[in-house]
Amino acid sequence: MVSNNIELTLKTLPENPGVYQFYDKNGKLLYVGKAKNLKKRVNSYFTKSHDSRRIEVMVKKITNIKHIVVNSEADALLLENNLIKTRRPRFNVMLRDDKTYPWLCIKNERFPRVFLTRRVIKDGSEYYGPFPSLKTVKILLGLIKGLYQIRTCKYDLSETKIKAGKYKVCLEYHLGNCLGLCEAYQTEEDYNRQIESVRQIVKGNFKSSLKAFKQQMKDKAENLQFEEAEKIKRKIESLERYQSKSTVVNPKISNVDVFSIVSDESFGYVNFLQVVHGAIIRSHTIEIKKKLDEDDKTLLELGIVEIRQRFESQSKEIYVPFEVNLGEDVQVVIPKLGDKKALIDLSQRNAKYFRIERFKTMKIVDPERHTKRLMTQMKKDLRLPKEPRHIECFDNSNIQGSNPAAACVVFKNGNPSKKDYRKFNIKTVEGPDDFASMEEVVFRRYRRLLEEDENLPQLIVIDGGKGQLSSAVNALDKLGLRGQISIIGIAKKLEEIYFPNDSIPLYLDKKSESLKIIQQLRNEAHRFGITFHRQKRSQQAIETELENIKGIGQKTALDLLKEFRSVKRIKTANEEQLIKIVGQAKTKLIKDYFSEN
C-alpha cells in the first residue's frame, strides 16, 4: 500500500526533466535517479510489477520523495552523477576504482618545474592526467627529462635573487640535466620554449617536438658539431620510440573520446580511449556495480560523465556503440564501419579483457563470490527457477548397437565432482536405440536416488536434441519428478539448447560462461562414456579370443595383452617368450589352441 504522503507527491510531480531522490523513514537517502519526465518515471516504481527483488525491497522502504527540476535530460545526468558520488545512496550503482591517480604537474612559477603528484592544488599550476598507473607517468616523466633540461630544485628563482647571486649551480648542472638557471646561464624565454614542448608531448602532439629536434640536428651537423648532433639524434629516437608505443590510428581522427560498455548480471565495465593527434594516448576502464538492474544505456551515460570529469576531458566529439544523451555541447557519433568503428571494437575488446581479469582475480581471492556470480548467470540464461549448484549430464555410447553403455557426470558449484560419476550398462534395450537407452538410464539413476533418499540435482543436461530430451522427460514423468528438476538438451551441431515441449531452441552467445559450463559437462560426459565403452569392447575382445582357451582365465589373458598388445602377436610369439609370462603349462595350452584353430 502506498502511503497518503507518497500518493499526494506522485500526483503533484512535474512532467519535466529532473532528478528524484527516495528517502526512508529515518531520512536516509536510498536512491537517486534521473528522468526525462519526473512524473512518469517516479510513478512507474509504484504502479508496475518489478522483476528485481532489490527494487521491491527499496520501494517498500520509501517514505519520502524529493525532486530537482533541470533544463534537460543531459543536465539531469550530470546532477545525478554528482549526487551519487557525494551522497553514495544504498541502492545506486557503485563506481569502483575511485583511488587517487597520479598527475603530471607543470608548476605555476618562474622557470616551472615538471613533476609527478597525487594532489591537485588550485594554485594556477597545470595538471595533466590523471594517468591510470604510476608506471605510465614515470615513463613519460623520464622521457621529458631525457629530452629537455628541466630544473628539479625548489629554489625561488626570482629575477632579483638571481641577480643578487644568491644561488650557485649544483650537480645537476655539471651532469647536463640543467642549464644553470640559478646563475642566469639560460634565458627565461629559452626555458619556456622547452616547457611549451613538454606541454605538447603530454597532450600527445609529438610532431612539433620532432620537427624542432630535427632542425637542431641539421644545424649542428652543418656547423660540424657532430657530437651535439648525435645527442639530438638520440633524443629523436627516444621520442619516436615513445610515440610508437601509442596505438596510431587514422591521423584525421583527432581529439576524440571513445567509450564502450560490456556488462553482466552484476556489473558494467565502461572503457575509455582518448585519441589525440591520430594516436591513442590513454585507455582506462571502470567497473560499475549494478543495484537495480540498470540497463547498458544508463550505465554508459553515468560512466561517460564520471570518466570525462575525472580526466577533465574537453573533447567535443565522442564515439559510442549506441545512442546516449549527453546534452548539446557534445557531438555523439555511432560509427558503423571504417576506422571509427574499429576504435569502438578496440574499446569493447579492452572492456572485455578487463572483465575477464576481474573474474580471474575474483576466482582466486573470493571463490564463493565467483561461484555465486556463475550460478546466478546460469539461472538467468537458462530460465531456471533455482541456481544450478548440482548439475548432472547424461551421454550414450554404442557402435551399431554393440556394447551399449551410458555415463552420468556430476558438477557441483560449476566444477566436476568425479566421485559422483556413474557408469551404466544398458539392460532392457535391444539394438541401437539411443532414445530408449536414455530413458532407461535416467529412470534408473533417479529411481535409485529416490530410494536412497539422496539429493536431487537442480538441472539435468542431456547430450542430444529433442528426441533424447523427450525420452529423458518420459523417465522423469514415470518417477513423478517432472517440474521438480529442470532439464535441457544440447545438440552438438549448432550448440542449440532445447527445453521440454518447446520446439524453438535457445542459442547462447558462443562466449557465454553458461554455455561453456554446459559444453564442459557434455564433453566430460562424452569422455567418461567413451572410456567406459572402450573398456567394455576390450573386455569383450579378451573374452571372445583368449578366454575361449580352456585353462586360461581373465587375469592370464590381461597379462598376455599387456605384454604383447594384441592377440595376433600372442599367436606369433615363440614358446620362450610365452613361458616368461604364463609358465610352461599354460604356454602349451595356448600353442595347442592356436595350432588347432
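Author: The chain exposes about 32,800 Å², of which carbon and sulfur atoms supply 48%. The model is a predicted one. Of the 597 residues in the chain, 46% are buried. The chain contains 20 helices and 21 strands. Among its contacts with a separation of 6 or more, 59% are between residues 24 or more positions apart.

The sides of the helix come next. Within α20, the buried residues include T587, I590 and F594. These residues lie on the same side of α20, because the arc that they cover around the axis is only 65°. An α-helix has 3.6 residues a turn, and therefore residues three or four places apart point the same way. On the face of α20 turned away from the buried side, the exposed residues are Q584, A585, K588, S595 and E596. A residue counts as buried under 20% relative accessible area and as exposed over 50%.

A residue from another helix illustrates the class in between. R369 lies in helix α13, which covers residues 367-381. With a relative accessible area of 32%, R369 is partly exposed. R369 is 10 residues from F359 in sequence, and their C-alpha atoms are 9.8 Å apart in space.

Key:
Residues are numbered from 1 along each chain as its sequence is written. This is a predicted model: local features need pLDDT of at least 70, side-chain atom pairs count only at pLDDT 80 or more; totals for chains, interfaces and linings use all residues. Side-chain values use heavy atoms; hydrogens and water are left out. Buried means under 20% relative accessible area, exposed over 50%, partly exposed in between (1.4 Å probe, protein chains only). Helices (H or I, at least four residues) and strands (E, at least two) are DSSP runs, numbered from the N terminus. The arc is that of the directions from the helix axis to the C-beta atoms. Contact means heavy atoms within 4.5 Å. Accessible areas come from the Shrake-Rupley method with a 1.4 Å probe; for residues, only the protein chains shown count as cover.
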